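Please consult the sequence and the structure alongside the points below.

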Amino acid sequence: MGIILLICFIVFEVALMISSFFRFPEKKQWLVARCVFRAGELAVFLFVMLLPNVTFDFKYKLCFALLIIRLAGAVVMYLIRRTTATGKRSKAGAVFGAAGSIVILTVSLVPAFIFTEYAGLETSGEYEVAQAAAILIDKDRVETFETDGSNREIPVHFYYPKTDVIAQSSCPVVLFSHGAFGYYESNTSTYMELASNGYVVISLDHPYHSFFTEDTDGKLITVDPAFLQEVMYVNENNTPETDIHDLSHKWLEIRTADISCVLDSVEEAKQSGTVNDAWFIENEEEKSAIESVLAMADVDKIGLMGHSLGGAASVSVGRYRDDVDAVIDLDGTMLGEQIGYADGKYQYEEEPYPVPLFALDSESHYYEGQKYGNLYVNHYVLEHAVDAKHEFIAGAAHMNFTDLPLFAPPLASMLGTGTVDATECIETMNAMVLEYMNCYLKTQAFDQ
């Protein structure tokens, strides 16, 4: 709809410009005409917003605000100058005015060009899905990205069956960790699919690693510039392997501590039957929702999963926590399994990976592992794990394992998508994730 709106706006601006040449050459006439045309642009915008399958959301709010401001400005200018405006409007002024208007209107519609009208995928489960959110305060850790001595804060978002008929402690728990520069909604379709089938899904933000999140004061926390630079440095061709090892383990230390804090807090709250002061919850209604989630959560059945760096963190946590029953790594390199680098090669964890592990990769990532064999960490870990499965989706690239290609195709393409149909890839992935978690958290067969 962004293109349709822009075309309409261009028509209005060109029509106003031409009218100022022939029909409304006098400045006083042009002031009136501008108010009318500005009102017409706003009317067209409102009409489009009322069309089926169009949602007035963040994609259009900047444009809407601009249209209001432009109309108000035109009206105010008319009221101020209606008695003093004399002479004719210059043709050059009309041309530059129309060009400037088209430029700023185009800029205001950029979000509509980037983001689609994606409203989620149909779920396969019998349950409607509800959501709740809180921020966990880790009182054992100081926030290393700040200098004020404050504690680390971890936003958590729950997706769970919205029903009163589920028995207490009957829903396995799946925790999701996003990739570098991701955020908690990166795989919403996966959370919804699992929750509709009777899971409690917890997606957490890793502050300063996530694209954006908020703290307990409502402050917007964006990705840390130093972390951004480190990731870019690690992905350069000639970066020393020792630097890659040291930086990746620094990132994983933060993320694995975040995941463990969430698991510990959920298990403690489950055992006590209530949340303590480490949980920052906005209101009593949200607190009641979270306590109901905890009541239905089966903390004896826990699965971990994540995308990219989040997958690596999930694998690392799965190695050292005995309360984890299954791990899924979505196109992530298992960096935590690399315990050192010397004499031109990595050293890996010697003990076989102890938890059922499923690596679902992009096509290129999968064949890279096959090419290098045990010289590549993922291949080594999967070959020596107690219980491991390795699959890939043909034609998929890194960002195809998130929802980004569904709601922001241009951004996803810039970051890396393959030839596979984006919707088909996500639906395939979600089906495999559900089947794997069902196998190890609900003891059903896994046929992949």
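F45 and Y60 are both buried, where buried means under 20% relative accessible area, exposed over 50% and partly exposed in between (1.4 Å probe, protein chains only). This is a predicted model, in which local features need pLDDT of at least 70 and side-chain atom pairs count only at pLDDT 80 or more, whereas totals for chains, interfaces and linings use all residues. Residues are numbered from 1 along each chain as its sequence is written, and side-chain values use heavy atoms, with hydrogens and water left out.

**Aromatic pairs**

- The structure holds 25 aromatic pairs; rings of Phe, Tyr and Trp (its six-membered ring) pair if their centres lie within 6.5 Å, and planes under 30 degrees apart count as stacked, over 60 as edge-to-face and the rest as tilted.
- The F45 and Y60 rings form an edge-to-face pair, because their planes stand at 70 degrees, with the centres 6.4 Å apart.
- This pair links distant parts of the chain, 15 residues apart: F45 belongs to helix α2 (residues 27-49) and Y60 to helix α3 (residues 58-81). Helices (H or I, at least four residues) and strands (E, at least two) are DSSP runs, numbered from the N terminus.
- F58 and F115 are also paired edge-to-face, at 4.9 Å centre to centre and 75 degrees between the planes.
- F58 lies in helix α3 and F115 in the loop between α5 (110-114) and β1 (129-142), so their pair ties together parts 57 residues apart in sequence.
- F58 is partly exposed, its relative accessible area being 48%.
- A cluster of F45, F56, Y60 and F64 is linked by ring pairs.

- D403 sits in the loop between β13 (388-393) and α13 (404-407).
- The D403 side chain reaches the backbone nitrogen of T188 at 3.0 Å, and one of its polar atoms lies 2.7 Å from the backbone nitrogen of S189.

Conventions. A polar contact is a pair of N or O atoms within 3.5 Å; within protein, one must be able to donate a hydrogen and the other to accept it, and residues adjacent in sequence count only if both atoms are side-chain atoms.
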